[in-house]
Amino acid sequence: MSAGDVLDLVGAFLVLLGCFLCFAAALGLLRFPDVISRMHAATKPQTLGLILLAAGVELSLRTWSSFGTLVLIAALQLATAPVSAHLVGRTVYRTDQVRHDLLARDDLAVDLEAAGFHLGPAPDDETEPPEDDARLS
Amino acid sequence: MSPVHIAVLVMVGLGAVLLVGAATLTVARMARGPSSLDRVVAADVLVAVVIATLAAEAIINDHSTTLPVMLVLSLLGFAGAVSIARFVAERDLAIRWRHADRPDPDSSGRRQQ
């Protein structure tokens, strides 16, 4: 077995591992209870899975031009995945779609209460506060 | 066909079967929702699955034609997730954390009527 054959086998195995990570993420996406934990599952194929896939493709193609493109793909994914995850998580917390009963600690809630914020009425809560009615009449 | 070639095809083919399962489960989550943010996260995973499919195809057919497509897809997934999270979700859903000292913009509009 030549060195090229060994590299081919290792590359195919890395691609198989990356595909397995994609499947695990999709399973977590379907089974986990709220958006935050689903985001945790979704990060796997985006970072580790893409790096494994890029390494596998490079090991089986073995050209410098593909090496440059694959490094760019992995680097871009590493730079952009945390940004999009942060923005989605921020929106999730602000619109109160977090399952508070599933959280072990919620440091941000403590800090928000200390800064004078409080949890407002639910979006579908149409009841008026009583002092508003007194002022209007 | 050498045994090494057959082994590579079997491994990547197994990976392709896993990718089909992953895409099916992700589309199921996209259809179910329940919120638009769930769909954003699912769409991100679906883009990653498509990139993985292109990688498997590049290995099976032994060419590097689809590498620029993978590059563009990894950028598009990011742009889609950021734009939807930034503009659509905050507009559609009421923001529930409010400051005690500042008046609520919705109810102050109703008081002026």
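Predicted model: local features only at pLDDT ≥ 70, side-chain atom pairs only at ≥ 80, totals over all residues.

Reply: Residues are numbered from 1 along each chain as its sequence is written, chains are lettered from A and ligands numbered from 1 in the order in which they are written, and side-chain values use heavy atoms, without hydrogens and water.

Me: What span should helix α3 of chain A have?

Reply: Helices are DSSP runs (H or I, at least four residues), numbered from the N terminus. The expected span is 1.5 Å times one less than the number of residues. Because α3(A) has 31 residues (64-94), it should span 45 Å, and its end C-alpha atoms, 46 Å apart, agree with this.

Me: Where does α3(A) kink?

Reply: A bend is the angle between axes fitted to the seven residues ending at a residue and the seven starting there. In α3(A), the kink of about 25° is at A:T80, shortly before the proline A:P82.

Me: Are α1(A) and α2(A) roughly parallel or antiparallel?

Reply: Axes are lines fitted to C-alpha atoms over the stretch in contact, and angles run from 0 to 180 degrees between N-to-C directions. Angles under 35 degrees count as roughly parallel, over 145 as roughly antiparallel, 65 to 115 as roughly perpendicular and the rest as oblique. α1(A) (residues 3-31) packs on α2(A) at about 165°, with axes 8 Å apart; the two are therefore roughly antiparallel.

Me: How do α2(A) and α2(B) cross?

Reply: Their axes come within 10 Å and cross at roughly 15°, so α2(A) and α2(B) are roughly parallel.
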